[in-house]
Amino acid sequence: MSKTKRYSRSRGLAFSAFLAGRQLLAFSSSSRLLHGNQQFSSALTSYSHLQEGVYLFKNGVDPYSGGVFRHSPLYLSLFTTILPVTGTASSVLWTLSDALGAWALVKIWNSRQCVPSSKRDTLVAAMYLLNPYIFLPSLAQSTSSFENTLMLLSLMFASQGRASATLLSLAFLVHLSLSSILILTPLLLLLLLDPVSRLASPKSLFSLGVDFRRLIPFLGEFVIYLGTFTLLSTFTSGGWSWITQTWGASLSLPDLTPTTGMWWYFFTEMFDHFRPFFLMVFSVHLLIYIAPICIKFQYDPLYAAFLLIGILGTFKAYPTLSDPGLFLSMIAIFPETYPYLRHPIVTALLHLHASLLMPLFNHLWLTQGTGNANFYYASTLVFACSNGAALLDCIWAGLRIAIGEEREGYAVAQE
């Protein structure tokens, strides 16, 4: 038996075992306790809000009139016609979504290594399927699981050079989650180049012979796909009110339900007079990272996309655990950076510390009533610090690898 067949067989067995374990957890009664938990779902991804919106839509009531339902109208059309929204079938749907995401991550790894399969495939899949930041929101049936899968599919298609599939999946993702527009630039660069690692030998795009004229048709195709989804959503909902309730929610933050992010508490304490200014500051803050990251890592756009996913998971308006979870799982496809990480143990302990503090302080505040909002917000700040530490460490490693191993008598003084 050839190595490729052996790897494919072992990967298939591992996939089956991982998915069987995940589905058994989904069938257990404890999974229902996760529904509505602020750590696993937000106002934009809540399963209970999705059920409510589908029920209202089926009964002829506009779900966007109440200010609670903030999912895309495409969810309404899909979950009222094709996809199940309740029962065992819905939990299977979320498990299959995560399986598709893990498969896409493995394919991205294979494209980066220019091989059909490798012995590391099982580890890459396990880093996604067994990541508690990924499978707990999936057990809570948060729609952020679908967004992660679409993100990975976009990266997979771009790594394979399939432009139309990349732009279509990205347009669908941006339609569901407006903040995902951050990934557009590195994806376009990835379509112009390839996913092969160039971190150790950085070169400019001009020296790599990139034809920038190809960007114009790519952008035009993306706009057409996004415009089509927008028109379909308007037709489904019967008006344009869905835009302010979905896309507008990411910019205006109307729902201040606690999340794992940093926006909710800040704007809870904010005077209304200053609210528009700081909403603009927080929104623009996400955008300012695109140019520096894409310029610095122009020779490796897949790594640039990876870093922007980490930034998005840390600073977006309505994050859940699955957002930084995707970033942490993607570390598995960049093993060349491992020797240059400065403080991986400290970062891992920070994440462990935050993952223990958040449920504890959430329980003390909302269940027992012996704590307050400051307790939970302090734990989310620790979580943000752990995400920031991981992000900074990956940026350092991505830059440091170009210098190579340290030599005796020499030291790295400046990057």
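Residues 24 or more positions apart account for 74% of the contacts with a separation of 6 or more in the protein chain. The model is a predicted one, and its protein chain has 19 helices and zero strands. The radius of gyration is 21 Å, close to the 22 Å that the globule rule gives for 415 residues, so the chain is as compact as a globular protein of that length.

**Overall dimensions and surface**

- Along its principal axes, the C-alpha trace of the protein chain spans about 65 × 50 × 45 Å.
- Of the 415 residues in the protein chain, 53% are buried.
- The accessible surface of the chain comes to about 18,400 Å², and carbon and sulfur atoms hold 67% of that surface.

**Nonpolar cores**

- In soluble globular proteins, nonpolar side chains tend to be buried together.
- The largest nonpolar core in this model has 109 residues, and those with the most contacts inside it are Phe 79, Phe 306, Met 330 and Ile 333.
- Helix H16, which covers residues 301–315, supplies the largest share of this core, with 10 residues.
- Which residues does Met 330 contact, leaving aside its neighbours within four places in sequence? Met 330 is in contact with Leu 105, Leu 152, Leu 155, Phe 306 and Ile 309.

**Aromatic rings and charges**

- The structure holds 32 aromatic pairs.
- Phe 79 and Phe 146 are both buried.
- One aromatic cluster is formed by Trp 263, Phe 266, Phe 267, Phe 277, Phe 278 and Phe 282.
- Two arginine side chains are described together with tryptophan rings: the charged end of Arg 120 sits over the ring of Trp 109, 5.4 Å from its centre, and the charged end of Arg 342 sits over the ring of Trp 396, 4.3 Å from its centre.

**Ile 183, a residue in a loop**

- Ile 183 is found in the loop between helix H8 (163–176) and helix H9 (184–192).
- Is Ile 183 buried or exposed? Its relative accessibility is 0%, and a residue under 20% counts as buried, so Ile 183 is buried.
- Not counting residues up to four places away in sequence, Ile 183 touches Met 151, Ala 305, Leu 308 and Ile 309.
- Ile 183 and Ile 290 are 107 residues apart in sequence, and their C-alpha atoms are 8.3 Å apart in space.

**Ser 144, a residue in a helix**

- Ser 144 has its place in helix H7.
- At 2% relative accessibility, Ser 144 counts as buried.
- Where sequence neighbours up to four places away are not counted, Ser 144 touches Phe 40, Thr 45, Pro 137, Thr 320 and Ser 322.

Note on methods. Residues numbered from 1 in each chain as written. Predicted model: local features only at pLDDT ≥ 70, side-chain atom pairs only at ≥ 80, totals over all residues. Heavy atoms only, no water. Core = buried A, V, L, I, M, F, W, Y, C linked by side-chain atoms within 4.5 Å. Buried < 20%, exposed > 50% of the residue type's maximum accessible area, 1.4 Å probe, protein only. Helix = DSSP H or I, 4+ residues; strand = E, 2+ residues; numbered from the N terminus. Contact = heavy atoms within 4.5 Å. Phe/Tyr/Trp six-rings, centres within 6.5 Å; stacked < 30°, edge-to-face > 60°. Lys NZ or Arg CZ within 6 Å of the ring centre and 35° of its normal. Rg over C-alpha atoms; globule rule 2.2 N^0.38 Å. Areas by Shrake-Rupley, 256 points an atom, 1.4 Å probe, with all protein chains shown as cover.
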